[in-house]
Amino acid sequence: MPGTGPALVARPAGGSRGRVVVLGELYGLTDLVHDALGRLAAAGYTAAAPDLFWRSEPGLALPYDEAGRERGFTLLRALNPGAVVDQVRRTLDALGDTGSGPSGLVGFSLGGYLALLAAADGPVDVVVAAYPGWTVHGGAPISGPAPLERAADLGAARVVVVAVPADRLVAADLPEIEARLTAAGVDHQVVTLDDVPHGYACAGRTSSAKQVLRQIGSRRFWEARPRAAGAGGDGRSGGGRGRCAGSGAGRAERGGATTFSGASCDAGQRPCISVELDRSSPCDGPFRGGSMRDVEGTRTFQAPAEAYDRFMGRYSRELAGPFLAFCRLGGAARFLDVGCGPGALTAAAIAGLGSHCVVAIDPAPGFVAACRERHPGIDVRQGPMEELPFGDDEFDCAAAQLVLHFVSDPERGTAEMQRVVRPGGIVAASVWDFAQEMEMLRAFWDAAVRLDPDAPDEARVLRFGRAGELAALFTRAGLHEVEESTLTVSTVYVSFEELWSTFLAGIGPAGAYAVGLPPERRAALRAALADALGRPAGAFRLEAVARVARGVVVASERLATGP
């Protein structure tokens with residue numbers, strides 16, 4: 001997100017009912033975070049999860065084991081708490097004005113600690129801190145203060161702290177947590193869950209216990225207000241405590257003016273925090289799997305095909321022929337172009353294989369229409385890489401050109417390409433080398449980062465642009481004879497103005513960043529980019545290096561692609 005550092009962003013299909021920032025545990029952007037974002041978006045809220053480790057390991061999702069825990073603590077010690085809180089606040093601000101809708105922070109463990117810190121640093125309507133550590137006595141590995149030392153700064157926020165009695169990190173502090181919130185006059189609840197370990201909201205470590213995740217996707221949760229009957233003289237309700245048994249509906253206890261129940265909540269009550277986490281049916285939101293899903297700007301491929309051609313298509317056309325040759329296909333191979341865009345690789349495949357052998361698919365309706373118009377008679381479908389609408393073994397080759405950076409779940413997408421290709425067939429992909437040798441984007445992001453250290457440089461926030469990453473993806477998917485290489489192409493710009501104008505179409509992360517800047521900062525970026533390129537006075541050429549990989553499908557090695 002421009003000006004905030006990278007973040008995962010989930011947007012509702014219609015208008016937004018509010019904005020919420022989600023902060024995960026020290027393990028990074030795990031399935032817990034993706035699940036929370038998806039549930040919030042499905043309920044109508046705009047939600048974002050800032051990538052706290054983006055400077056060192058962008059898109060990090062550590063395993064839930066001792067090695068992952070130790071790595072997380074090491075990374076935490078390198079963070080500045082003030083900078084992290086600023087990133088959280090700026091992420092919330094970047095989600096925009098949602099009118100009368102609430103603003104909220106949801107945090108798990110470390111994220112709960114950070115949510116309380118950020119809430120004390122600026123206004124927010126709702127804070128949910130699930131099993132937060134270091135809230136009272138400090139000592140966090142991020143070297144920050146104890147959030148409840150500033151309880152009075154929480155202002156009008158409604159605070160919900162969720163913990164478990166067996167949690168050594170939180171349980172001992174519960175009486176003091178409630179005492180400090182009450183003394184500061186903070187509208188709050190403290191809810192405990194029986195028979196649940198620390199980390200109860202993480203899908204990989206959950207039992208049948210009641211969970212927080214579905215409740216944070218409830219509109220009633222964000223829009224509920226205290227009952228007037230319990231309000232104090234200042235309009236606040238005071239505190240409350242609820243307990244929900246981990247193995248069933250739980251038992252209700254009365255605390256202050258609020259009744260908590262593991263089974264249901266009346267319309268007049270504050271919402272309860274004990275609900276089932278159902279992993280058997282994935283959420284309807286846009287996030288599944290475990291990759292860096294939605295760096296701001298990566299969903300802006302809705303521009304006219306002609307604008308895309310001027311920005312990236314000029315490179316795609318040059319890459320398509322060499323990439324097709326790298327696939328090393330036979331004569332009449334049946335070929336699927338995955339993420340076809342306006343049809344650069346489709347055109348190369350038609351020229352090399354014949355139109356009767358080529359099928360294409362892309363998730364963007366505008367690109368599908370353009371590809372159909374440019375290649376009449378070709379079967380061009382609309383759909384995502386992760387859910388290819390084709391049967392098993394239909395193709396001899398499935399290839400994705402400049403796609404994997406931007407799909408929601410590249411592992412699932414690769415498995416889908418593998419599924420639709422016959423045994424012995426080829427799966428192939430190409431991506432730009434953002435870190436070093438895609439000159440146009442490297443120059444742009446170098447200029448941007450000089451002016452704004454938090455600029456979401458694609459080399460840091462997108463996967464697969466480094467040596468070995470594509471090959472590793474294909475090997476994990478079970479492809480055989482995997483090989484990775486590079487291809488170099490170039491294009492000529494008649495002037496610097498031609499290059500600069502391509503960014504102003506708002507295409508991709510770079511374009512989205514450029515058009516999202518205020519005019520004076522955009523002008524400074526333009527000047528910095530011109531300097532980076534040596535202020536060309538006339539025509540000039542830029543090169544681009546693509547990393548390419550191919551692998552052979554073996555039937556016994558295919559991975560399941562179900563939810």
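This is a predicted model: local features need pLDDT of at least 70, side-chain atom pairs count only at pLDDT 80 or more; totals for chains, interfaces and linings use all residues.
## Helix α3

In helix α3, the residues P81, V84, V85, Q87, V88, R89, T91 and L92 are buried. An α-helix has 3.6 residues a turn, so residues three or four places apart point the same way. The buried residues of α3 pack against strands β2 (19-23), β3 (46-50) and β4 (103-108), and against helix α4 (110-120).

The length of α3 can be checked. It runs over residues 81-94, and at 1.5 Å a residue its 14 residues should span 20 Å. The end C-alpha atoms are 20 Å apart, which agrees. Just after α3 comes G96, with a positive phi of about 90 degrees.

Strand β15 covers residues 421-432. Nine of its twelve residues are buried, so β15 is largely enclosed by the rest of the structure. In a regular strand the side chains alternate between the two faces of the sheet.

β15 pairs with β14 (residues 395-401) in the parallel sense, over six bridges. Here F395 stands opposite V421 of β15. From β14 the chain crosses through helix α11 (residues 410-420) to β15, and this β-α-β crossover is right-handed.

β15 also pairs with strand β17 (residues 540-552). This pairing is antiparallel and has seven bridges. I426 stands opposite V552 in β17.

T414 lies in helix α11. Is T414 buried or exposed? Its relative accessibility is 0%, so T414 counts as buried. Leaving aside residues up to four places away in sequence, T414 touches M385, L404, L473, F474 and A477.

The loop between β14 and α11 holds L402. Most residues other than glycine have a negative phi. L402 has a positive phi of about 60 degrees although it is not a glycine. With 11% relative accessibility, L402 counts as buried, because the cut-off for buried is under 20%.

R535 sits in the loop between α17 (519-532) and β17. R535 is not a glycine, yet its phi is positive, at about 45 degrees. Its relative accessible area is 49%, so R535 is partly exposed. The limit for exposed is over 50%.

## Helix α16

Helix α16 spans residues 508-516. Seven of its nine residues are buried, and the helix is mostly covered. Which residues of α16 are buried? They are G508, P509, A510, G511, A512, Y513 and A514.

P453 is found in the loop between α12 (439-451) and α13 (458-461). At 45% relative accessibility, P453 counts as partly exposed.

P453 and R55 are 398 residues apart along the chain. Their C-alpha atoms are separated by 9.5 Å.

## Cavities

Rolling a probe the size of a water molecule over the atoms shows where empty space is left. How many cavities of 30 Å³ or more are there? The count comes to three.

The largest cavity has a volume of about 100 Å³. It is lined by 13 residues. Of these, G24, G28, L29, P50 and L52 lie nearest its centre. Strands β2 and β3 each supply at least two residues of this lining. β2 and β3 are also among the elements that the buried residues of α3 pack against.

Key
Residues are numbered from 1 along each chain as its sequence is written. Side-chain values use heavy atoms; hydrogens and water are left out. Buried means under 20% relative accessible area, exposed over 50%, partly exposed in between (1.4 Å probe, protein chains only). Helices (H or I, at least four residues) and strands (E, at least two) are DSSP runs, numbered from the N terminus. Two strands pair if DSSP finds at least two bridges between them. A crossover is right-handed if, with the strands pointing away from the viewer, the path from the first strand over the helix to the second runs clockwise. The expected span of a helix is 1.5 Å times one less than its number of residues. Contact means heavy atoms within 4.5 Å. On a 1 Å grid over the protein atoms alone, a cavity is a set of points where a 1.4 Å probe fits but cannot get out, and a pocket is an open set with protein on both sides within 12 Å along at least five of seven lines; lining residues have an atom within 4 Å of a point. Grid points are joined across faces, edges and corners, and a volume is the space filled by probe spheres set on the points.
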